[in-house]
Amino acid sequence: MLLRAAAGSDVGRRRAANEDHYVLAPEIGLYLVADGLGGHVAGQIASELAAEAALSALRTLQGTGMSLAEKLRYAVIAANREVHETARRRRELAGMGTTLVTLLAQEGRAALAHVGDSRAYLVRSGRIRQLTDDHSLVGELVRRHEISPADAREHPQRHVLTRALGVRPSVEADLAELTPESGDVFVLCSDGLTGRVRDEEIARLANDLDDPQEAVDVLIRLANERGGEDNITVAVVRCEKEMAGG
Ligand code: MG
């Protein structure tokens, strides 16, 4: 399987700083989005520390016999420890944390891990499926059918997370493994996108725009045109059959 990926991050139109962070590391099949919390500097540090710790853990695990999900579980533990211990050492960073959503794709298989309300979607044959459950108060309410996804986007407590990385000494990530098919498009994103752009729109753009960078740019522009109330980060990963000789 050949993967073509692109990502982008934008501060949006209301926030003074961008606390989101992304990593594209195609050489090890890692794609990641993190959305930091805890105030400007702390949030920026949390998302970057988590991203770098996960990347470095996964590089170390290359060539081991672990399954992709096991590798991601280990990477999330390493990232959590890094953020949590840094917050304990530096009082001005106390309480910082971050969301984390990661896709690890190697040798025709893929695994996902996430904590928080950044999302992973799979667009297959034009249909979109959210692969992650939001670890947020409104996410719980939607799953219990107490409010609709549209209500969730406008809910006053929509930013309250029920699980975040780095806030406690340990954290449990949700893990999943799947087999990508040719034509699949994965979209990883922070809530600055999903707060403003509906799933069907993400599906259409990710499906129709062959160039992943163009899909990223158009999605970010759309979220900004609709207010850009939060930082917006998007990674798009397209799976294609490898061509002989190409
Ligand atoms: Mg956000």
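Colleague: At the start of α7, which backbone nitrogen does a side-chain oxygen of Asp211 reach?

Modeller: A polar contact is a pair of N or O atoms within 3.5 Å; within protein, one must be able to donate a hydrogen and the other to accept it, and residues adjacent in sequence count only if both atoms are side-chain atoms. Here the side-chain oxygen of Asp211 comes to within 3.1 Å of the backbone nitrogen of Gln213. Please note that this is a predicted model, in which local features need pLDDT of at least 70 and side-chain atom pairs count only at pLDDT 80 or more, while totals for chains, interfaces and linings use all residues. Residues are numbered from 1 along each chain as its sequence is written, and side-chain values use heavy atoms, with hydrogens and water left out.

Colleague: How many residues does helix α7 have, and what span does it reach?

Modeller: Helices (H or I, at least four residues) and strands (E, at least two) are DSSP runs, numbered from the N terminus. The expected span of a helix is 1.5 Å times one less than its number of residues. Helix α7, residues 212-225, has 14 residues and reaches 20 Å from its first C-alpha to its last, close to the expected 20 Å. Just after α7, Gly227 takes a positive phi of about 120°.

Colleague: Which residues of α7 are buried, and what covers them?

Modeller: Buried means under 20% relative accessible area, exposed over 50%, and partly exposed in between (1.4 Å probe, protein chains only). Among the buried residues of α7 are Ala215, Val218, Leu219 and Leu222. An α-helix has 3.6 residues a turn, so residues three or four places apart point the same way. The cover over the buried residues of α7 includes β1, α5, α6 and β11, where contact means heavy atoms within 4.5 Å.

Colleague: Which residues are the protein donors of the magnesium ion?

Modeller: Donors are N, O and S atoms within 2.8 Å of the metal (3.2 Å for Na, K and Ca); water is not among the atoms, so sites may look incomplete. The donors here are Asp35 (OD), Asp191 (OD) and Asp230 (OD), lying 2.1 to 2.3 Å from the magnesium ion. Because Asp35 lies in strand β3 and Asp191 in helix α5, the pair ties together parts that are 156 residues apart in sequence. Both Asp35 and Asp191 are buried.

Colleague: Is Glu70 buried or partly exposed?

Modeller: Glu70, in helix α2, is partly exposed, with a relative accessible area of 41%. A polar atom of the Glu70 side chain lies 2.9 Å from the backbone nitrogen of Ser67.
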